Amino acid sequence: MTKHYKNEGIMKILTILGALVGLVYIINGFAGLAGYGFLPTIVNIELLDRIITLIIGLVIVVLTFLVAWKPNKPLPFHWLILLILAILLVIFAAGIWACVLVLIAAIIGLIEEL
């Protein structure tokens, strides 16, 4: 059973915008790796940590986009899922603005459910 929100259109737009802003931050993060020497003589743990963080962030951004684009296919379109994705966006280098946009969508869903 699918829950439909009254302001679902606004929530989807905010979630898609948040995913696009997060994608810009992730692409910028990958572009920032261009100055690093790849695979130096001693494996740079910080470089590997940054690459893994950006890859996980890219997966979170794609999931956020799919939640809004195709509700209930990978994850349900629910305010709690949006809240969790907003927290994961800011943790995995997708930027605070992406988090804020998805968090606003989650708060709109929470208010409607109360």
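Mentor: Happy to; let us take helix α1 and follow a few of its residues. Two notes on reading come before that. This is a predicted model, where local features need pLDDT of at least 70 and side-chain atom pairs count only at pLDDT 80 or more, while totals for chains, interfaces and linings use all residues. Residues are numbered from 1 along each chain as its sequence is written, and side-chain values use heavy atoms, with hydrogens and water left out.

Helix α1 covers residues 8-32. Helices here are DSSP runs of H or I with at least four residues, strands are runs of E with at least two, and both are numbered from the N terminus.

Start with E8 and K12, whose side chains meet in a salt bridge at 3.5 Å, N to O. The term asks for a side-chain nitrogen of Lys or Arg within 4 Å of a carboxyl oxygen of Asp or Glu. The structure holds one such bridge. Why are these two about one helical turn apart? Because they sit four residues apart in helix α1. In general, side chains of opposite charge can pair when their charged atoms come close.

How covered are they? Buried means under 20% relative accessible area, exposed means over 50%, and partly exposed lies in between (1.4 Å probe, protein chains only). E8 has 13%, so it counts as buried, and K12 has 24%, so it is partly exposed.

Next comes T15, also in helix α1. T15 has a relative accessible area of 0%, so it is buried. Leaving aside neighbours within four places in sequence, T15 is in contact with T64, A68, F77, L82, V102 and A105; contact means heavy atoms within 4.5 Å.

Now turn to L20, another residue of helix α1. Its relative accessible area is 42%, so L20 is partly exposed. L20 belongs to a nonpolar surface patch together with I13, L17, L23, I27, F30, I55, L58, V59 and V62, and the patch has about 810 Å² of accessible area. Such areas come from the Shrake-Rupley method with a 1.4 Å probe, and for residues only the protein chains shown count as cover. Patch residues have over 30% relative accessible area and no salt bridge; nonpolar side chains (Val, Leu, Ile, Met, Phe, Trp, Tyr) are joined within 5 Å, and like charges within 9 Å. Helix α1 gives the largest share of the patch, six residues, and α2 (45-69) also gives two or more.
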